[in-house]
Amino acid sequence: MAGVDSTDDSLYPIAVLIDELRNEDVQIRLVSIKKLSTIALALGVEKTRSELIPFLTDTIYDEDEVLLALAEQLGQLTPLVGGPEYVHCLLPPLESLATVEETVVRDKAVESLRTIAALHSPADLENHFVPLVKRLSGGDWFTSRTSACGLFSVCYPRVSNSVKAELRQHFRNLCGDDTPMARRAAAGKLGEFAKAVELDILKSDLIPLFTALAQDEQDSVRLLAVEACVSIASLLQAEDTEQFVMPTLRQAAEDKSWRVRYMVADKFTELQKAVGPEITKTDLVPAFQGLLKDCEAEVRAASSHKVKEFCSNLSPDIRESVIMTNILPCVKDLVSDANQHVKSALASVIMGLSPILGKDNTIEHLLPLFLTQLKDECPEVRLNIISNLDCVNEVIGIKQLSQSLLPAIVELAEDTKWRVRLAIIEYMPLLAGQLGVEFFDEKLNSLCMTWLVDHVFAIRDAATLNLKKLVEKFGVDWAQQTVIPKVLQMSHDQNYLHRMTCLFCINLLAEAVGPEMTIKLMLPTILGMAGDNVANVRFNVAKTLQRLGPIFEQSLVQQQVKPALDKLKADADIDVQYYAVEALDGGFTNGLNSIVKHNCSENKLKDIRCNVAEVYIYVMLPCAMDCEHF
């Protein structure tokens, strides 16, 4: 096997590995690569260094998924090659992987190289790791040069000054590389490298590179320079930031490419924290206004997402005045923006301005904007406003909230889009807790009951869970007086779907009200529905009785529950029989056996087995029949 003597057991693992790596099946090769640590352990550290690693280095040519697994495994082999003293043995295969064409493989190789770089001694870094970085950065193909960009920051702090100077020169060359891919990689790692170098070197060497990259002809390079701007600004004093960073940042905020302006908007709050309050006041506030008014919807949406955080981070002594004078006029324009993504982004954060501006400003300036967005034609905008109502309630109080926003909420509860109605239902328990039981009964109780007969099953289902949460919040007495009578009345509804909803409500309410109330008020209704003329209702009666069975006393089961189930067991509908027997016997297999036992012929058993699949269809039928288009 691969020229290995079969009697030499110690070499068997490497022979197996070689054979599997040459297998035509890519999955076998992939499994083999994932066993590297096991094979290295079997070989021992010396043979791993002398045989396994060279073999891997010489045979790196495979499918991308195999190479990706290899790059990951090599980063974990340090203990198996002899520890940090010999970790440099792992560099050759990783260097080869860092030059391949597939990006994910290169990135994983760089990640593993960064991991093992920390394990090198300073001497090994200079003797082994730094030469690798130099080779990669001077490679003929852009692939190796892009990989090199991610390695400077991990080796720079622990090498001598002369080597540091060489590394800076190589990084400088990459920043001015002929290929935009290499410049893009250098721009992406500039901020990380800036944190590794000395402050004077940052000002003298890296700031000029940053300025050049921010003015690159490729917008894909310029936008990555914006990310570096955050790291560089956080390292400098305010006066240095003003001198070295702000001219470039002002230029980026007005860049001709919307992608660069988008990146500025996306990183704006990070930039705000990095530059400090004084520069924020003088430079970033006007820049933020410009981004909120940008001609591109993507830029306006990105900056709208940052409105709340930007305002929160403003200095307290100028916060309110800046918001009222500079930010709020832009926000008012965005509320009626032509693009729904912009309005949706703003709706997700605008409610957060209430705690910042206080009660009076919220009532005077923000409430009209909330109402406008609550009535917006875009469902997502309305949804985002509803989901953040608690922010406003904490500021203006429930009375003001109910007077101003509640009518709009009630209108949304009857919205034609079922997902909007669903969002209102999910918010209802929280709103109920804020309103109190009296106000809730007066304004919203009838609405909650209306949802139980909605034409969309998802709404009816959510409404039953909503009732349970309301009962848990308001108590059993409230349920007995307000909810249970209306639910039980649904058992006589002409629509069988509504009668089934009655049973679904009982299933959940029983958990909230307890056994005594369930037996006293709801059990008679359940038993009465056992004679319903629709089979779906009857087998749901059986399922309800099975679910509630544990709370019934034995005498009650024998006197009332079992007779009802026995009657259902003899039902003409095969599915009703099945669920009745399952309720009596407590199991799927037992259910089939019991039907046979109770006077069912062999042919009937065959019919039952054929109808097992149909049981599930019948269970899902209410959903399928009355679902709106998604």
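How many of the nine residues of helix α19 (residues 297-305) are buried? Select the helix in this predicted model: α19 is mostly covered, with seven of its nine residues buried. Colour the buried ones next, namely A297, V299, R300, A301, A302, S303 and S304. Then display what covers them, which includes α16 (258-266), α18 (277-292), α20 (307-313), α21 (319-335) and α22 (340-347).

**The whole chain**

The secondary structure of the protein chain comprises 38 helices and zero strands. Of its 630 residues, 53% count as buried. Among contacts with a separation of 6 or more, 67% are between residues 24 or more positions apart.

**The largest cavity**

The structure holds four cavities of 30 Å³ or more. The largest cavity has a volume of about 80 Å³. To locate it, select the lining residues F210, A214, R222, A225, V226, C229, T248, L249, Q251, A252, D255 and V260. Which helices each supply at least two residues of this lining? They are α13 (199-214), α14 (219-235) and α15 (238-253).

**The largest pocket**

Proceed to the largest pocket, which contains about 300 Å³ of space. Of the 13 residues that line this pocket, select R106, D107, T146, S147 and A185, the closest to its centre. The helices α7 (103-117), α9 (142-148) and α12 each supply at least two residues of the pocket lining.

**Threonine 179**

Select T179 next, in the loop between α11 (161-175) and α12 (180-196). Is T179 buried or exposed? Its relative accessibility is 19%, so T179 counts as buried, the cut-off being under 20%. Show the neighbouring side chains as well: leaving aside residues up to four places away in sequence, T179 touches F142 and R145.

**Aromatic rings**

Compare the accessibility of the two partners. F457 has a relative accessible area of 19% and is buried, whereas F504, at 23% relative accessibility, counts as partly exposed. The cut-off for buried is under 20%, so the two values fall on either side of it.

Next, select F152, Y156, F171 and F193, which form one aromatic cluster.

**A charge over a ring**

For the last stop, select R49 and Y86. R49 lies over the face of Y86, at 3.8 Å from the ring centre.

Key. Residues numbered from 1 in each chain as written. Predicted model: local features only at pLDDT ≥ 70, side-chain atom pairs only at ≥ 80, totals over all residues. Heavy atoms only, no water. Helix = DSSP H or I, 4+ residues; strand = E, 2+ residues; numbered from the N terminus. Buried < 20%, exposed > 50% of the residue type's maximum accessible area, 1.4 Å probe, protein only. Contact = heavy atoms within 4.5 Å. Phe/Tyr/Trp six-rings, centres within 6.5 Å; stacked < 30°, edge-to-face > 60°. Lys NZ or Arg CZ within 6 Å of the ring centre and 35° of its normal. 1 Å grid on protein atoms, 1.4 Å probe; cavity = no way out; pocket = protein on both sides within 12 Å on 5 of 7 lines; lining within 4 Å. Points joined across faces, edges and corners; volume = space filled by probe spheres on them.
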